[in-house]
Amino acid sequence: MSSLQTALRRESGTLLKVEDLKTHFVTAGGIVRAVDGVSFSLQHGQRLGIVGESGCGKTVLSRSVMGLLPRRNVIRTGSVYFEERELTSMSLRERQTIWGAEMAMIFQDPMTSLNPVMKIGKQLSEPLRIHLGSSRENARQIVYKLLQDVGIPEPEKRFDQYAHELSGGMRQRVMIAMALACGPSVLFADEPTTALDVTVQAQILDLIEYQCRERQMSLVLVTHDLGVVAGHTDQIIVMYAGRIVEVAPTPMLFSNMKMPYTEALFQSIPKLEEPSHTRLTTIGGRPPNLISPPDGCRFSPRCPYTTDKCIKEEPELQKVGVDHYFACHHPVGSDRWKEVQVTLGRRTGGR
Amino acid sequence: MSESTVEIPEAADVRKPRFRQRGRITKWISAIWLVFIVVSAVGASFLPYVKHSCDQFSDKDKCSTHVKTNPLLSERPPSWAFFSDTTRPVVGDAPERYGLFGTDTNGYDLFSRTMFGARNSLLIGAMSILFGILIGGTLGLVAGYLGKRVDKVIDTIMNIFLAFPALLLAIFIVGFFDSSTTSEAQSRSIVPIVIALVILSIPPIARLVRANTMVYAQREFVLAARSLGAKSGRIIIREILPNVMPAMVTFAITGMAILIVAEGALAYLGLSVTAPTPTWGAMIFGGQTKLETAWWISIMPSIVLFLTVLSINLLGDALNEKFRIREAIG
């Protein structure tokens, strides 16, 4: 009975809680506010997507949650609770016992994330031997199983191969197997499919999702591709310039987006029903310089709905529905939004 | 309905394209030369012309008798050097020209002495570079991976050593050990020379390894290993060292060649292993005063030294090619 209860508690409840996390890099040019006050929480078994343009702080966010960033010239404040344990104040030695065993990460580029001079099998057995202390032979058997789980045929053969002998998709599968090796309870996938082509992309995402469900693992999927998060997450965080601008459960975000930035991102996805040679809708300009972000709303220089209020006052996150928050003065559907829609004379969108 | 009628060429017709490597022949020639030098260095005692330094010779009496009974054997040119006049008169049955490399002032056969020299020179070179790699490599790995204060301290020390003129430093070190062991410079052994050369070789190796380590420490696979909970020691030894290895080995081989020459330079200044024990450097140094009359005393060991160093370098290049790490592309 009690074991059932613990099992139940493990499957529900908060696994990871991030409170007002700030990661600033001290550079010669000034302080770069890569992550500037981000709070969110992750439930057991939940799949969370973090979306944003390049340079919005997604990768830095995931790495600073794990605590993988270098110490030098980095200011990190706020707190990260992992199963009620504070990660930010933990010593490196303690964190090393959590890394791999409880939290694991899949990196963007499988080309560079595997050691070129180490055999695949050896790299895969590494975490097993570190955390579980398995013997060489035992680890070998687990690795075969892992390789099979991630859909790699002939695991016995792959075991003795080097990274350059595998294709990109295979390498990413190996990376996934490596992350899964010790059965972590949360998996960070930092743009796991960016370096792969589209057909392989779908396979890899399905694999990650399947493994998460199978192992009752939480997932944090970092990507710039709304299409990727749409089918594979429960909740989405939209980030812009180091801040969260909208949080919503996945279906809610797509049906009822509030933040103009989310809207703009959504519009920049090419659509099937459009005739060919339709110009892609883009978001004009670039993300702001994070050394001196604009006053007020950080999206205001690029937003079609900007008013004086946006430039003066920074919007706070406000609640609109269950688990749905956004930070905007003139959200989609407001009077200002309608007004601009009319003047633009087209559906919606950037400049 | 159209049958494809592509003819499949028979296996015999297809000429399998062979993978051709650049500089294969030079590689083999240098390998053969090195094997020859090493074998003759190891087996120097069994060489046919065993008329070398009496210290090395098991039958000392016979050796000294030989030197005493053949005073006129000294400074005979090599047997093939028809153009070289003997500077000493030919008396009795003393040969006009002698041996492959000629003889030196004491009447010792130069070929045998050169092979004995190979024994010492190669030993000094190999030992120095081995210890140099062990110490310098470790320092470089630690400095490059840990960074911060550790790196600063190690790097500063290396910079200080690099700031000294290399030869002066070596002279200083050999001199230091000389005075501390014995006042007689006669019994100088191989040890102080090896120590001097090790100290000379540490800074460049440490720097090379440090730079390489820094590059690899930034790589994602190191971050991946870290994110799986690997500790620093494990990352250095299992992730970074194998990647740094090829550069280190290649540099070590070239470095060994440099150290053999450096030993020669020390010997030229009379600071290497003392008189009866031959090294190449010492032999070249010994013959320099006779260069006008008996050129072969200096020239023959020089040629061997030159060819050996060249072979080591060429082979180092070949090894570099062989060890090239295949990065995962596309």
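## Ground rules

This is a predicted model, where local features need pLDDT of at least 70, side-chain atom pairs count only at pLDDT 80 or more, and totals for chains, interfaces and linings use all residues. Residues are numbered from 1 along each chain as its sequence is written, with chains lettered from A and ligands numbered from 1 in the order in which they are written.

## Where the chains meet

Chain A puts 29 residues into the contact and chain B 21 residues; residues are in contact if their C-beta atoms, placed from the backbone, lie within 7 Å. On the chain A side, α4(A) gives the most, with four residues. Helices here are DSSP runs (H or I, at least four residues), numbered from the N terminus.

## A closer look at α4(A)

With 13 residues, α4(A) reaches 19 Å from first C-alpha to last, close to the 18 Å expected at 1.5 Å a residue (1.5 Å times one less than the number of residues). Ten of those 13 residues are buried, that is, 20 or more other C-beta atoms lie within 10 Å of their own, again placed from the backbone. Among them are Leu124(A), Leu128(A) and His131(A). The cover includes α7 (220-227) of chain B. Just after α4(A), Gly133(A) takes a positive phi of about 60 degrees.

## A helix pair in chain B

Helices α8 (residues 232-268) and α9 (residues 280-287) of chain B pack at about 40 degrees, with their axes 7 Å apart. Residues meeting there include Leu266(B) from α8(B) and Trp280(B) from α9(B).

How values were computed: Contact = placed C-beta atoms within 7 Å. Helix = DSSP H or I, 4+ residues; strand = E, 2+ residues; numbered from the N terminus. Buried ≥ 20, exposed ≤ 12 C-beta atoms within 10 Å, placed from the backbone. Axes fitted to C-alpha atoms, helices over the stretch in contact; angles between N-to-C directions.
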